[in-house]
Amino acid sequence: MTSFVIKNSVHLAVLTGIIITAGCTSTAPTRYSGVESSYEMTPNTDKNSDTIPFHYAPTVDWKKYDQIIIDPVDLYQGSDGQFNDMSVDDRNQLADYMQKTFTNTLSKRFTLTHTPSANTLHLKLTLTGADTTPQVIGTFTKFDLAGGPYNIVQSVRGKRGLMSGYVNYAVEVYDSKTDERLLAYVAEQYPNAMNIGATFGSLSAAKTGIDKGADELLKML
């Protein structure tokens with residue numbers, strides 16, 4: 001019995017340390033130096049500023065656009081990228097998933113095309129950062145004595161959960177005919193902190209973030 005208490009006390013102390021570290025570590029996207037439109041972005045004061053900290057968002061009549069050109073997702077190579085130690089294979093997997101997800105989601109609103117015209121948008125996506133979810137422990141923290149309460153609070157606040165993956169990316173939208181920049185922002189997306197399903201598979205949380213990001217852009221347009 002004593003051994004059980006000691007073992008769990010140690011485990012609780014370790015998790016508490018992880019929580020403190022997680023709370024002090026920022027993964028928020030920056031105005032990436034290698035993203036063309038970053039110099040035009042300003043701090044976002046809208047309600048979605050937690051996931052979109054910087055943006056360029058002039059007033060645009062989106063209704064006049066009914067077609068879209070979507071470039072292949074660019075994998076960010078700048079020194080201020082936020083991939084940590086994610087492998088090149090995982091980065092490529094996420095870029096492929098991002099391409100398919102944004103294409104499928106935006107095709108609900110726009111006709112896909114490769115030809116510039118007055119009623120056509122041009123979308124550029126750049127994957128600028130991501131992290132995996134540690135297997136087993138990522139799921140365990142949803143229920144653990146230390147991780148559970150923390151994740152519940154994060155869930156209510158709409159913040160990232162403990163030991164959860166995420167994805168960072170840049171969005172740039174242009175008028176395909178004039179090349180006028182119509183929208184640009186950097187974003188961080190992640191699953192709800194109590195989303196257990198997003199802990200199965202090291203890339204599942206980042207992919208869930210991509211799903212949310214595609215839906216968010218669709219609403220903007």
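Biologist: Where does His114 lie in this predicted model?

Modeller: In this predicted model, His114 lies in the loop that runs between strand 5 (111–112) and strand 6.

Biologist: Why is His114 called exposed?

Modeller: The relative accessibility of His114 is 75%, and a residue is called exposed when that value is over 50%, so His114 counts as exposed.

Biologist: How far apart are His114 and Gln67 in sequence and in space?

Modeller: They are separated by 47 residues in sequence, and their C-alpha atoms are 9.4 Å apart in space.

Biologist: What is known of the largest nonpolar core, and which elements supply it?

Modeller: The largest nonpolar core has 43 residues, and those with the most contacts inside it are Trp62, Leu121, Leu123, Leu127 and Leu217. At least two residues of this core come from each of strand 3 (67–70), helix 2 (88–106), strand 6 (120–131), strand 7 (166–175), strand 8 (181–189) and helix 5 (204–220). Strand 8 gives the largest share, six residues.

Biologist: Which residues does Leu127 touch, again not counting those up to four places away in sequence?

Modeller: Among the residues that Leu127 touches on that basis are Val73, Leu75, Tyr76, Phe83, Leu94, Met98 and Val167, and the list also includes Asp74, Arg91 and Asn168.

Key. Residues are numbered from 1 along each chain as its sequence is written. This is a predicted model: local features need pLDDT of at least 70, side-chain atom pairs count only at pLDDT 80 or more; totals for chains, interfaces and linings use all residues. Side-chain values use heavy atoms; hydrogens and water are left out. A nonpolar core is a set of buried Ala, Val, Leu, Ile, Met, Phe, Trp, Tyr and Cys residues joined through side-chain atoms within 4.5 Å. Buried means under 20% relative accessible area, exposed over 50%, partly exposed in between (1.4 Å probe, protein chains only). Helices (H or I, at least four residues) and strands (E, at least two) are DSSP runs, numbered from the N terminus. Contact means heavy atoms within 4.5 Å.
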